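Subject: Structure handover and notes

Hello,

The structure is below, and my notes on it follow. Please read them with the structure open.

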Amino acid sequence: MHLQRKIISVATSIIEKAVEECLEKNFLDSMGIADLGCSSGPNSLMVISDIIDTVYATSNRKGIPLPELRVSLNDLPGNDFNNIFISLPEFYSQLKMEKNIGPEGCFISGVPGSFYGRLFPKKSLHFIHSSSSLHWLSQVPRLLDSNILKPLNKGNIYISKTSPGSVLDAYLSQFKRDFSVFLKSRSEEMVVDGHMVLSFMGRVSTDPSSEESCMQWELLAQALMSMALEGLIEEEKIDSFNAPYYAPSAQEVRSVVEEEGSFTINCLEAFEIEWDGGAPSNNNFQKHIDKIEKDNFSRGQQVAKTIRAVVESMLEVHFGRKIIDELFKRYAQVVGDYFSRTSAKNIDLVISLTKKG
Amino acid sequence: MGIADLGCSSGPNSLMVISDIIDTVYATSNRKGIPLPELRVSLNDLPGNDFNNIFISLPEFYSQLKMEKNIGPEGCFISGVPGSFYGRLFPKKSLHFIHSSSSLHWLSQVPRLLDSNILKPLNKGNIYISKTSPGSVLDAYLSQFKRDFSVFLKSRSEEMVVDGHMVLSFMGRVSTDPSSEESCMQWELLAQALMSMALEGLIEEEKIDSFNAPYYAPSAQEVRSVVEEEGSFTINCLEAFEIEWDGGAPSNNNFQKHIDKIEKDNFSRGQQVAKTIRAVVESMLEVHFGRKIIDELFKRYAQVVGDYFSRTSAKNIDLVISLTKKG
């Protein structure tokens, strides 16, 4: 997916710097590398490929032998790992051909499980990467999940301007709890001075209901509501659905890291990413070209397709399969319409951390 | 503790071995009054194996570990390692125990001599070693086995710690004759089923002549000699077990034998064997013969196997070898 690839690439220079720092500190005989939330499809091996490239280039530059590479690809047990594994023989061939890394030099495995908890043996990892995954909470915030009969967030499926304070608190609490567990688990799995680069949706505003972090859900709620008005969906179902998602502010992230205490923050940056993956251009001519090439309608289609791939199964569970096609048809329309009124951007937070001694 | 199961396959058996191994580590640690080591478990099979099917069962597996043995998420880590075991799969000196079952009789490829002589097939009318196979075919198979099994042992020796253990189980034979019934008959009967279809013009006979199974059932002596030559392992034991083709072990009890025979007539036993073999060889046959003939082939195969059961008790030899990595 174009958007995911774009998100991975903005973090590339931060990843490269982190890998280099990792190799500066210790002479490594064997290096543990993990990608958390690796997903499936063509992007899944792209990150690993970039990381290996960086380790290779850095080792060459320093005139040291390449460490043995122990690579783990993690995602939930229901992820399509078969699809990644089928590509591995070719991946290994390319490693051999391009870098003379033989089968004794790089070992890639699949590790199914939730990263809200331990996944790896203690002190086994030197470098961890995660992209487009940590905005997904371990569950719908507890308060919202347990109040099905008296829905707290009526008419919304995420934080919205009309959400009561209790909803905002519930989401923030769930994020703090989840992200702390994430950091604690990783700290047990990493060696001292190991590096971690995480990239996920966030916001710059202090207001959790700001457009930059909520609008995609807002528009999806609008599409659902339009179907409820026509009797195609029960409104109660919309009231009782809340996305297990949170886009934190840089400050919220920083404060959980500092409180958990195992990591120092090397850098924490926010990047603007357009909803369909094009980065805003500084060049006015390029902007003009971009707009000609992609009209709002097809951009709306593209975003709907991307979002659908990610949220379809959770919506299906709650609303049933029958309404999905119509829902995303309408969603594509409201998104296209939104594009015509404003430039639709998300904030992608990228944080680089080092495990303390 | 690094534990690996090579050729783990998919489905309900895949976690069974690991479960038994963990049970044993747990029981032994308890008995000795020592803490359970951190368990690093790797499940290996070829990249085309259905790993998703195993992974989906892991949450429940972990729950049971927690419930039955109080082994939490920090105590056991299970991963999938796709790749061929004829080569390196794991970081050096990372494994303490390796298991492999029903996988090592599969060669890395069809024996080179047979694969390169497509135009002048050496093993006409056969799809494996047979009474009518020329000596060159027997030699080609034995060579391929020696080459593959050596590479296997060498790779594992680099991955294992000193005094690490390995238990391997695979089809073999007790006879010195590689074309003995105990190791060849299942392929022989499959060839018969193919031939009957060739006689009716449903399959080209050339296709049968050019197909050779990438399989070898070694004798205990052949296994021993590769292990000794490769030199990294001592043999703790090497045993041969008789296994009936449909999985019933021969019984010593005459009454039980009588019951067994009443319960399973030859026809349904033939069906059962055909089903098992089909699951294993279907894809390689499809590649060579095409999909269309597969159903009819296994229908006929079930019949010839059922007929064979009526004439003799059909058994395989399962070799089990336990090895220790030398210092």
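How many residue pairs are in polar contact across the interface of chain A and chain B? The rule finds eight, both residues of each pair being at pLDDT 80 or more. A polar contact here is a pair of N or O atoms within 3.5 Å; within protein, one must be able to donate a hydrogen and the other to accept it, and residues adjacent in sequence count only if both atoms are side-chain atoms.

Some conventions before the rest. This is a predicted model, in which local features need pLDDT of at least 70 and side-chain atom pairs count only at pLDDT 80 or more, while totals for chains, interfaces and linings use all residues. Residues are numbered from 1 along each chain as its sequence is written, chains are lettered from A and ligands numbered from 1 in the order in which they are written, and side-chain values use heavy atoms, with hydrogens and water left out.

Interface

On the side of chain A that touches chain B, the elements giving two or more residues are strand 2 (68-75), helix 4 (81-85), helix 5 (88-99) and strand 3 (106-112). Helices (H or I, at least four residues) and strands (E, at least two) are DSSP runs, numbered from the N terminus. Strand 3 of chain A gives the most, with six residues. By class, this side of chain A has 14 nonpolar, five polar and seven charged residues. Nonpolar covers Ala, Val, Leu, Ile, Met, Phe, Trp, Tyr, Cys and Pro; charged covers Asp, Glu, Lys and Arg; the others, Gly among them, count as polar.

In total, 26 residues of chain A are in contact with 25 residues of chain B, contact meaning heavy atoms within 4.5 Å. The area buried between the two chains is about 1900 Å², of which carbon and sulfur atoms give 63%. That area is the accessible area (1.4 Å probe) lost by two parts on being put together, summed over both.

The rule finds one salt bridge across the interface, a salt bridge being a side-chain nitrogen of Lys or Arg within 4 Å of a carboxyl oxygen of Asp or Glu. Asp29(A) forms a salt bridge with Lys92(B), with the closest N and O atoms 3.8 Å apart. Asp29(A) sits in the loop between helix 2 (12-25) and strand 1 (30-36) of chain A. Leaving out residues up to four places away in sequence, Asp29(A) touches Pro67(A), Glu68(A) and Lys92(B).

Helix 10 (residues 250-260) of chain A has Glu252(A), Val253(A), Val256(A) and Val257(A) buried. Buried means under 20% relative accessible area, exposed over 50%, and partly exposed in between (1.4 Å probe, protein chains only). Seen down the axis of helix 10, the buried residues fall within an arc of 135°, so they line one face of the helix; the arc is that of the directions from the helix axis to the C-beta atoms. On the other side, Gln251(A), Glu258(A) and Glu259(A) are exposed. Among the elements covering the buried residues is strand 7 (345-355) of chain A.

Strand 7 of chain A holds Asp348(A), which counts as buried at 0% relative accessibility. The side chains of Asp348(A) and Ser199(A) are joined by a polar contact of 3.1 Å.

Chain B, backbone

Phi of Asp163(B) is near 70°, a positive value in a residue other than glycine. Asp163(B) lies in strand 5 of chain B and is exposed, with a relative accessible area of 54%.

Regards
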